[in-house]
Amino acid sequence: MIDPKAIAQPLVDGMPEEIKVTHPFREMIAMFLRNRLAVFGLILLLAIMAFTFIGPYFYPTDPFEMVWAPFTRPGQDDYIFGTDYLGRDILSAMMAGGRVSMAIGLAAAVISVVIGVTVGAFAGYYGGWVEEALMRFTEFFQVLPTLLFSMVIVALFGASLLTVTLAIGVVSWTAVARVTRSEFLRIREMEYVAAARSGSARDAYLIFRVILPNALPPIIVQANLMVGSAILFEAALSFLGLSDPNVMSWGQVIGSNRPYILDAGFAVAIPGFAIFLTVLAISLIGDGLNDALNPKLRQR
Amino acid sequence: MSLWRTIATRIGYGVLLLLAVLVLNFTLISVAPGDIADSIAGDMGGADAEVMDEIRARYGLDQPFFVQLWRYMSGVFTLDLGYSYFFNTPVTELVLERLPATLLLVFSSQIIAIALGTLLGVMAAKNPTGIVNVVVSFLALFGFAAPVFWTGILLIIAFVSVFPIFPVGGMQDVTVEGGFFIKALDVLYHLILPMITLSSIYLALYSRLARASMQEVLGADYVRTARAKGVPERSVLYKHALKNALGPVITVAGLQFASVISGAVVVETVFSWPGLGTLALQSILARDTPTIMGILFYSSLVVIAFNILTDIVLRLVDPRIKAG
Amino acid sequence: MSMTDPLLSVEDIVVDFQTRAGKARVLDHVSLEVESGEILGIVGESGCGKSMTALSIMGLVPDPPGRVTSGSIRLDGVELVGMDHERLRRIRGKDIGMIFQEPMSSLNPVFTVGEQIAESVRLHENASPRAAMDRAIAMLRAVEIPEAELRARAYPHQLSGGMRQRVMIAIALACRPRVLIADEPTTALDTTVQAQIFDLLQDLQSDMGTAIILITHDMGAIAELADTVAVMYAGRVVEKGTVETVLSSPQHPYTQGLITCVPHLEPDPPAERSELMEIPGVVPALTDLGRGCAFAPRCRATIDRCGVEKPALLPSEDAHLTACWVAQGGAQR
């Protein structure tokens with residue numbers, strides 16, 4: 001990606017070779033593909049998604065149905081991942097649960113990014129008392145132990161998909177807010193912002209059309225990580241028994257089998273491993289995105 | 001001195017934050033459907049409207065919101081956070097009874113994570129092509145992606161089921177007889193697995209941070225000055241460079257503290273560690289709102305206290321940090 | 001030149017850097033020598049190898065990517081190249097001191113300046129902490145820092161740039177080294193402070209008899225302070241001799257360029273020094289030096305030979321050496 005700022009500057013000697021006019025998006029993809037681990041992460045994530053979305057067509061067992069003896073070991077009696085404490089097929093639970101876990105992760109990340117970007121953008125753009133107030137607000141949320149707080153929300157408002165997603169999104173936006181604010185503080189001082197401002201552009205236009213697009217790279221990287229940590233968060237809530245009992249998610253499998261760790265560790269270890277792989281894939285992709293979007297690192 | 005003034009300002013600000021925590025929680029509980037009366041009635045297997053009203057009156061739930069809030073807040077100033085009907089104990093007593101176990105888990109795992117993480121970070125930065133560097137990169141990925149309960153369960157499978165070296169859970173073995181020292185050793189023995197589990201996340205974070213920070217510092221001019229003075233390499237690393245590189249690690253450790261408490265909730269549940277986390281889960285499942293709020297209050301208090309402590313440590317490490 | 005070994009002699013030192021663009025020869029057969037009580041000036045534009053020469057004397061060439069490929073550096077006849085790390089460490093800071101060009105960043109921000117001076121005394125003289133701190137305070141006095149006892153307890157950020165450079169000098173001289181390398185000691189400072197630092201260096205040198213290697217891009221400073229001078233370009237010494245001969249009759253076109261950049265090179269130092277360098281072009285990348293003289297692309301007086309063969313450093317008068325085909329051919333431009 002070519003930094004628009006770099007184009008605006010006169011070409012300093014020694015630099016011209018660096019600035020080739022290839023398509024920025026294409027260059028970004030090339031940068032991403034150069035990071036082998038990131039490509040591995042992408043393939044891994046696609047594989048996991050194929051497993052959860054396409055898998056059920058080949059293996060149409062109801063994850064809630066009791067199909068066999070409880071705690072059948074993995075591989076025994078044709079149950080690849082075995083059965084849980086109610087004799088439900090863990091393989092089909094893994095497929096169904098993956099969709100939900102990823103959906104919750106994505107939705108919660110969207111919520112936290114929207115809140116975080118809004119708070120951070122206004123704080124960074126206006127400065128002064130607005131910034132002071134918003135950053136104090138952010139600090140306030142940093143003081144609350146996030147998991148405890150979302151446990152309280154879920155407990156008070158009932159464990160449904162919606163409350164779980166909201167509870168995660170509402171407590172985990174602070175990092176996004178901090179990243180957005182510091183980017184806004186930096187970009188606010190740029191010449192092209194001053195130019196747009198002197199053209200008497202409205203604040204909303206400046207914030208969302210001028211500054212935000214330039215602040216996006218680190219926000220995208222952070223947002224990507226938020227999906228991973230939201231999946232982990234959902235799993236932790238489910239593990240504690242605070243998830244929608246009527247919806248199968250990886251966390252749900254873990255939470256419902258938690259009391260039997262010593263007898264059937266696999267019923268918890270397998271979905272845990274799935275979460276690990278998914279989050280691993282996402283964070284590897286995040287590293288690749290960071291390389292692709294961060295022009296400073298590229299020169300190393 | 002200015003250090004004391006900073007501390008005083010920070011404490012004043014912390015008190016404000018705590019008040020905000022109280023208001024927020026109280027509001028949430030008022031907005032949420034159902035109240036203590038419902039839970040108690042539920043436990044009793046149902047109650048008629050008259051009994052419900054009586055219960056509400058006893059707990060002051062028939063009062064307007066602000067009156068309830070005021071009563072609660074003024075109680076907090078005398079450390080009276082209400083009464084847990086579920087445990088039949090005053091909330092403060094309940095929480096303070098469980099707090100030491102959580103603090104033991106949280107502090108021990110943080111100390112391990114910071115010390116070991118920094119050491120790994122320094123070793124990785126010193127030798128970018130070495131094995132430690134690979135270990136740190138691997139840890140960083142694993143530490144972020146592995147759900148903490150999963151790590152705990154794997155450890156249980158490995159060290160309790162397969163190789164029965166450690167106890168499954170709890171904090172002490174009641175059958176152990178002996179003096180204070182024996183008992184302390186027993187607690188330590190129970191602490192090991194939960195501590196490793198909780199520190200694994202942060203070990204990953206701090207080692208990566210320490211590595212990045214050390215790599216930057218090792219390129220600094222003053223490190224070259226130290227070498228030019230003939231300072232031995234070990235001292236260049238662990239004295240001249242490390243004291244400069246510690247700042248970011250300490251700052252992040254301070255910021256992470258709220259998340260460490262969250263992690264402790266899960267770890268406590270995995271290992272049945274009798275701390276605030278297990279208490280929180282019990283009281284949430286029992287809809288014991290006074291206890292839940294008490295836990296939130298005290299854990300926020302701990303986080304704020306720890307943040308102030310971090311500030312002080314940071315100032316001791318780095319003389320450049322000004323008051324404010 | 002005397003027949004006995006000079007205090008410090010650098011002979012044919014070659015330093016290569018492995019870079020992404022290929023191998024770069026950062027120092028190409030550099031030879032220098034300095035006697036006790038003498039000031040040797042090394043002059044040239046940035047990137048010509050002056051600082052690398054200093055680092056190779058200190059044994060601090062960053063490795064990787066750098067490496068001393070060949071050559072010899074002897075202090076009082078003792079070979080430093082290839083010496084084991086521990087012995088070399090004992091020499092650094094004790095026999096050879098160094099002042100760096102960035103006083104702002106060369107002091108460790110988290111230790112007091114007193115501690116930083118005392119550290120080298122403790123390391124090299126087995127002094128007690130108390131005695132080392134007393135020496136540190138004495139050194140602060142020697143570099144003319146007022147209220148030395150008080151300043152010893154200050155952190156670098158509490159001092160001005162000039163003060164910090166004085167502290168750097170105090171660190172470098174704390175163990176009374178026989179050789180002091182001063183790498184652009186005044187670049188970051190304003191002119192009045194520059195003059196003070198130079199005066200200080202001169203005083204200390206006459207007091208202690210230290211040999212000084214003064215690295216600078218400022219011909220004026222060379223004229224004012226140095227006894228002998230070496231001009232460096234693209235990793236090589238292109239001209240070398242006493243300050244009088246080199247300044248009065250520069251042979252190499254590069255030296256001539258450097259001198260014309262300074263308005264008045266008179267015996268009395270000018271009150272202000274202008275930035276030098278109006279030689280057109282830039283120092284070439286060391287990865288793509290051709291076969292010929294590295295300065296040829298910027299030179300006003302090239303002949304055919306300049307493009308195909310590197311000129312050796314040869315005496316044109318007795319102790320005045322030049323590496324230039326034109327000068328050696330007798331054609332004075």
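Modeller: Two residues are in contact if their C-beta atoms, placed from the backbone, lie within 7 Å. This is a predicted model, in which local features need pLDDT of at least 70 and side-chain atom pairs count only at pLDDT 80 or more, while totals for chains, interfaces and linings use all residues. Residues are numbered from 1 along each chain as its sequence is written, and chains are lettered from A in the order in which they are written.

Biologist: What makes domain 1 and domain 2 of chain B domains?

Modeller: Domain bounds come from an automatic or database domain assignment, and for chain B that assignment gives domain 1 (3–77) and domain 2 (96–323). Their C-alpha centres lie 33 Å apart.

Biologist: How many residues of domain 1 of chain B are in contact with domain 2 of chain B?

Modeller: By the contact rule, 15 residues of domain 1 touch 13 residues of domain 2 in chain B. On the domain 1 side, α1(B) gives the most, with 13 residues.

Biologist: How do the residues on that domain 1 side divide?

Modeller: They divide into 9 nonpolar, 4 polar and 2 charged, where Ala, Val, Leu, Ile, Met, Phe, Trp, Tyr, Cys and Pro count as nonpolar, Asp, Glu, Lys and Arg as charged, and the others, Gly among them, as polar.

Biologist: Which element gives the most to the side of chain B that touches chain A?

Modeller: The contact takes 38 residues from chain B and 31 residues from chain A, and on the chain B side α10(B) gives the most, with 8 residues.

Terms used
Helix = DSSP H or I, 4+ residues; strand = E, 2+ residues; numbered from the N terminus.
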